[in-house]
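This report describes the pockets and nonpolar cores of a predicted model. The structure is shown first, and the description follows.

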Amino acid sequence: MGNAQAKVQLAFQRIVAIIGVLILLFILYLMFVNWGFIKYKLTRQFETKRFGITWRTNLLKACSVGQQHNRQLMIVYIDSRANDAGSKRLIENIMPTDLFKSMANTYIPVLCDMQQGIDITSTEKANQDEIVKRYDLGRTYGIVILADSNGYERRKVVVTKENVNEVLAKLVDGKYQPLAAPPRPQFRNPLRKKAKKAAAQVQKAVTGEGQINPQRDEEEQK
């Protein structure tokens with residue numbers, strides 16, 4: 001009896017060990033197929049959601065995303081707290097439009113909002129200083145810059161009384177091709193697709209979908 005119990009216990013331990021190895025292998029496989037998603041989650045994205053748009057605030061990160069997806073950058077320079085006509089024009093009349101939101105999808109939107117009088121972190125200040133230095137920006141706000149994926153300036157528009165169509169025309173000279181926003185990495189579960197396929201096959205088997213109905217064929221022949 002004791003020998004039999006020992007064999008059962010040993011077999012059970014082996015089964016548990018095999019299950020553990022299979023689980024570990026599955027976890028490693030998930031990490032492999034989702035490496036892009038994991039890297040995305042572990043890397044700081046320097047994003048902020050303002051005015052209904054998700055912006056980048058770090059120029060280097062924006063360039064990296066632009067290079068990855070072959071997109072140009074659209075840098076907006078404002079002071080949302082100042083009594084500044086250009087900033088107000090952008091915030092109140094241009095940014096809320098569907099066309100500007102389309103532009104924010106087509107290009108990599110970068111926001112530099114100085115917000116005078118607001119305490120910011122050293123990282124945020126460094127991000128702003130880099131943009132100000134790179135594009136020689138000063139106390140004139142309400143500026144939209146189109147840059148390539150390396151950050152080199154192509155066009156600059158100082159907004160005064162322009163509407164969104166006029167701003168876009170000055171940036172691209174009528175060569176605007178709207179694009180969907182660059183896709184973000186998604187978590188991939190390889191078993192989910194197989195489970196859906198299996199469920200669909202089971203449903204077909206239960207409902208008889210896709211099967212030949214002899215009785216119906218006989219009725220049609222009559």
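## Second largest pocket

The second largest pocket holds about 330 Å³ of space. A pocket here is an open set of points, on a 1 Å grid over the protein atoms alone, where a 1.4 Å probe fits, with protein on both sides within 12 Å along at least five of seven lines; its volume is the space filled by probe spheres set on the points, which are joined across faces, edges and corners. It is lined by 16 residues, of which Thr 48, Thr 57, Gln 115, Glu 124 and Gln 128 are the closest to its centre; a lining residue has an atom within 4 Å of a point.

Strand E1 (47–50), strand E4 (108–113) and helix H6 (122–134) are the elements that give two or more residues to this lining. Helices (H or I, at least four residues) and strands (E, at least two) are DSSP runs, numbered from the N terminus. The lining of the second largest pocket comprises five nonpolar, five polar and six charged residues. Ala, Val, Leu, Ile, Met, Phe, Trp, Tyr, Cys and Pro count as nonpolar, Asp, Glu, Lys and Arg as charged, and the others, Gly among them, as polar.

## Largest pocket

In the largest pocket there is about 590 Å³ of space. Its lining has 27 residues, and Tyr 40, Glu 47, Arg 56, Val 65 and Arg 184 are the closest to the centre. Helix H3 (59–69) is among the elements that supply at least two lining residues, and H3 gives the largest share, five residues. Twelve nonpolar, nine polar and six charged residues make up this lining.

## Nonpolar cores

The largest nonpolar core has 23 residues, and those touching the most other members are Val 76, Leu 90, Phe 100, Met 103, Val 144 and Leu 171. A nonpolar core is a set of buried (under 20% relative accessible area, 1.4 Å probe, protein chains only) Ala, Val, Leu, Ile, Met, Phe, Trp, Tyr and Cys residues joined through side-chain atoms within 4.5 Å. Helix H7 (164–172) is one of the elements with at least two residues in this core, and H7 contributes the largest share, five residues. Apart from this core lies another, of 19 residues, including Ala 62, Ile 75, Met 114 and Ala 147.

## Basis of the model

In this predicted model, local features need pLDDT of at least 70 and side-chain atom pairs count only at pLDDT 80 or more, whereas totals for chains, interfaces and linings use all residues. Residues are numbered from 1 along each chain as its sequence is written, and side-chain values use heavy atoms, with hydrogens and water left out.

Note on methods. Buried < 20%, exposed > 50% of the residue type's maximum accessible area, 1.4 Å probe, protein only.
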